[in-house]
Amino acid sequence: DYGAKGLVWIQNREDGIKSSISKFLKQETIDKIFTKIKVEVGDLILIAADKNKVVFQSLGALRVHMAKETGILENNHEFRFVWITEFPLLSYNEEEGRFEAEHHPFTMPMDEDIQYLESDPGRVRAKAYDIVLNGEEMGGGSIRIHDTKLQEKMFEVLGFTEESAWERFGFLLQAFKFGPPPHGGLAYGFDRMVMFLAGTDNIKDVIAFPKNQNAFCPLTEAPNVVDDIQLKELSIEVKEKDK
């Protein structure tokens, strides 16, 4: 589901090392791996080889799956928070052959990475951040670009011409000329907070009017038939499809 084409495993057991690729690995290589990640007896190492995005997503999903399967997450009433920072600013869209904003095109690059915007865009990190509780994102935000030249450079990296950038975002670029201060923020997911407090792992349990997979509300039965007078008040006209 996440694009990984295979998974290598290495077990460090009391009776020796077992691995799915034992015949391909020299003991010297295994020793380097064990030293790098401080492996102890009883540990299981899982390795995926691909592009960063595929490896991060696939192994991240596998870690959560294993935590659930082994019961690590059950009956855990501790709240463990972590800040996730230094997100990539851009990701490369291979189908379109260009870079895209990982968060949004107005996110400020980290100061020391601005120099790589033209030469190595994939290396640039963003001034973006998430607050995570027990593996669930609770909120996220970023510092915004507040400089006209830097915003123009960002649009250029994303494939906009100067004319198209000003045509679509001229109101913003013009406003920057008046000297806006650095600005940013953080948006919390209140429903996720309630989800944790209620002791459930399904956010639909705490949403007032949850929708199912068909975007249907079992409580209010919306969307449903609307009176003509209500449509008229909203200046909405409903036309039947030609059969």
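Visitor: Let's start with the second largest pocket. Which strands each supply at least two residues of its lining?
Guide: That would be β7 (128-133) and β8 (136-143). Keep in mind that this is a predicted model.

Visitor: OK, and which residues line that pocket?
Guide: The lining of the second largest pocket is made up of Phe87, Pro88, Glu102, His103, Ala128, Tyr129, Asp130, Glu137, Gly140 and Gly141. By type, they split into four nonpolar, three polar and three charged residues.

Visitor: How much space lies in there?
Guide: About 160 Å³ for the second largest pocket.

Visitor: Where is confidence lowest, and where is it highest?
Guide: Strand β2 (residues 16-19) is the lowest, with a mean of 85, while strand β4 (residues 81-85) is the highest, at 94.

Visitor: Which residues are buried in α2?
Guide: Val54, Val55, Ser58 and Ala67.

Visitor: And which glycine follows α2?
Guide: Glycine 71, and its phi is positive, near 80 degrees.

Visitor: What about positive phi in residues that aren't glycine? What does lysine 38 look like?
Guide: Lysine 38 has a positive phi of about 55 degrees. You'll find lysine 38 in the loop between α1 (27-37) and β3 (44-47).

Visitor: Is lysine 38 buried or exposed?
Guide: Exposed, because its relative accessibility is 69%, and the cut-off for exposed is over 50%.

Visitor: What is phi for glutamate 86?
Guide: Near 60 degrees, again a positive value in a residue other than glycine. Glutamate 86 sits in the loop between β4 and β5 (90-93). At 43% relative accessibility, glutamate 86 counts as partly exposed.

Visitor: New topic: glutamine 151. Which helix is it in?
Guide: Glutamine 151 belongs to helix α3 (residues 148-157).

Visitor: Buried or exposed, that glutamine 151?
Guide: Glutamine 151 is buried, because its relative accessible area is 0%.

Visitor: What is glutamine 151 in contact with, neighbours within four places in sequence aside?
Guide: Its contacts are Pro105, Phe106, Ile145, Leu172, Leu173 and Phe176.

Visitor: And where is aspartate 113?
Guide: In the loop between β6 (98-101) and β7. Aspartate 113 counts as buried because its relative accessibility is 5%.

Visitor: Which residues does aspartate 113 touch?
Guide: Not counting residues up to four places away in sequence, aspartate 113 touches Arg123, Val124 and Arg125.

Visitor: Now phenylalanine 178. Buried or exposed?
Guide: Exposed, because phenylalanine 178 has 71% relative accessibility. This phenylalanine 178 lies in the loop between α4 (162-176) and β9 (184-188).

Visitor: How many residues apart are phenylalanine 178 and glutamate 40 in sequence?
Guide: Phenylalanine 178 and glutamate 40 are 138 residues apart in sequence, and 58 Å apart in space, C-alpha to C-alpha.

Visitor: Last one: what's going on with the peptide bond from alanine 222 to proline 223?
Guide: That bond is cis, with omega near 0 degrees. Proline 223 is in the loop between α5 (190-197) and α6 (228-233).

How values were computed:
Residues are numbered from 1 along each chain as its sequence is written. This is a predicted model: local features need pLDDT of at least 70, side-chain atom pairs count only at pLDDT 80 or more; totals for chains, interfaces and linings use all residues. Side-chain values use heavy atoms; hydrogens and water are left out. Helices (H or I, at least four residues) and strands (E, at least two) are DSSP runs, numbered from the N terminus. Buried means under 20% relative accessible area, exposed over 50%, partly exposed in between (1.4 Å probe, protein chains only). Contact means heavy atoms within 4.5 Å. pLDDT is the predictor's confidence in each residue, from 0 to 100. On a 1 Å grid over the protein atoms alone, a cavity is a set of points where a 1.4 Å probe fits but cannot get out, and a pocket is an open set with protein on both sides within 12 Å along at least five of seven lines; lining residues have an atom within 4 Å of a point. Grid points are joined across faces, edges and corners, and a volume is the space filled by probe spheres set on the points. Ala, Val, Leu, Ile, Met, Phe, Trp, Tyr, Cys and Pro count as nonpolar, Asp, Glu, Lys and Arg as charged, and the others, Gly among them, as polar.
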